[in-house]
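My notes follow, in the order I looked things up.

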Amino acid sequence: MQAPAAAQRNKGPILEVLRECAGPGELRVLEVGAGSGLHAAYFARALPQSRWQPSDIDPRALRSIAAYAEAMQVPNVLPPILLDVSQGWETWGGTQPATLDLLVSINMMHIAALCCTEGLFRGAGVLLKPGGVLFTYGPYAVDGRISPQSNVDFDRSLRQSNPAWGLRDTALLRQLAEANGLCLERMVDMPANNKSLIFRKQ
């Protein structure tokens, strides 16, 4: 099991926002890019009405996710699935259209090619129930502007590592959302110059 320090720090603030997105009844959740699995286990334990389906493109992450769920004894975390978000929703582990209440993506967009962000919104448009939420978290450019300077430097370093990476602009995300039947309902400022974005399926 690997627990990135950032995941340990941000799990509490993210959970506060997720609670606001979660209704009182059963919650069907798909998390893409679940990484170590710390978030999946922590959130599922805090939201016992959820059936939390974690996924990742990296087989090593799948092992860590399963280990976290077992170590923390969280029965409502489903076995992790291999998922490439850039591929069509038909390959997303058998999830059927209009069956998800919540689709979660944490710290994925800026370290993945744009086709992954596009795939995330396409999948959300098909798989979320009407009124369902796509929740994303991370650093973003807002209408063409990156701030503060630490995020400008971070964006530059990402693009030097991989030209396909970098902070995504909320203006672009709004367009992708609207093209797939969602709207950006809320943008929440978070610690460490990150944001939570809440997109709701119309």
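**The pocket.** I began with the lining of the largest pocket: 31 residues, with Gly33, Ala34, Gly35, Asp56 and Ile111 nearest its centre. A pocket here is an open set of points on a 1 Å grid over the protein atoms alone, where a 1.4 Å probe fits and protein lies on both sides within 12 Å along at least five of seven lines; lining residues have an atom within 4 Å of a point.

This is a predicted model, so I kept in mind that local features need pLDDT of at least 70 and side-chain atom pairs pLDDT 80 or more, while totals for chains, interfaces and linings use all residues. Residues are numbered from 1 along each chain as its sequence is written, and side-chain values use heavy atoms, without hydrogens or water.

I noted about 740 Å³ of space in the largest pocket, a volume being the space filled by probe spheres set on the grid points. Helix H1 (5-21), strand S1 (27-32), helix H2 (38-46) and helix H3 (59-71) each give at least two residues to the lining. H3 has the largest share, four residues. Helices (H or I, at least four residues) and strands (E, at least two) are DSSP runs, numbered from the N terminus.

**Ser50.** Next I looked up Ser50, which sits in strand S2 (residues 50-56). Is Ser50 buried or exposed? Ser50 counts as buried because its relative accessibility is 2%; the cut-off for buried is under 20% relative accessible area, with a 1.4 Å probe and protein chains only. I found a polar atom of the Ser50 side chain 2.6 Å from the backbone oxygen of Leu47. Leaving out residues up to four places away in sequence, Ser50 touches Leu27, Val29, Ala44 and Asn76, where contact means heavy atoms within 4.5 Å.

**Aromatic rings.** I then turned to rings of Phe, Tyr and Trp (its six-membered ring), which pair if their centres lie within 6.5 Å; planes under 30 degrees apart count as stacked, over 60 as edge-to-face and the rest as tilted. The count comes to three aromatic pairs. Phe43 and Trp52 form a tilted one, 5.7 Å centre to centre with 50 degrees between the planes. Phe43 is buried at 0% relative accessibility, and Trp52 is buried at 0% too.

The rings of Phe121 and Phe199 have centres 5.0 Å apart and planes at 90 degrees, so I logged this pair as edge-to-face. The pair links distant parts of the chain, with Phe121 in helix H4 (residues 114-127) and Phe199 in strand S9 (residues 194-201), 78 residues apart. My last entry is a cluster: ring pairs link Tyr42, Phe43 and Trp52.

Definitions and conventions
Buried < 20%, exposed > 50% of the residue type's maximum accessible area, 1.4 Å probe, protein only. Polar contact = N/O pair within 3.5 Å; in protein donor to acceptor, adjacent residues only side chain to side chain.
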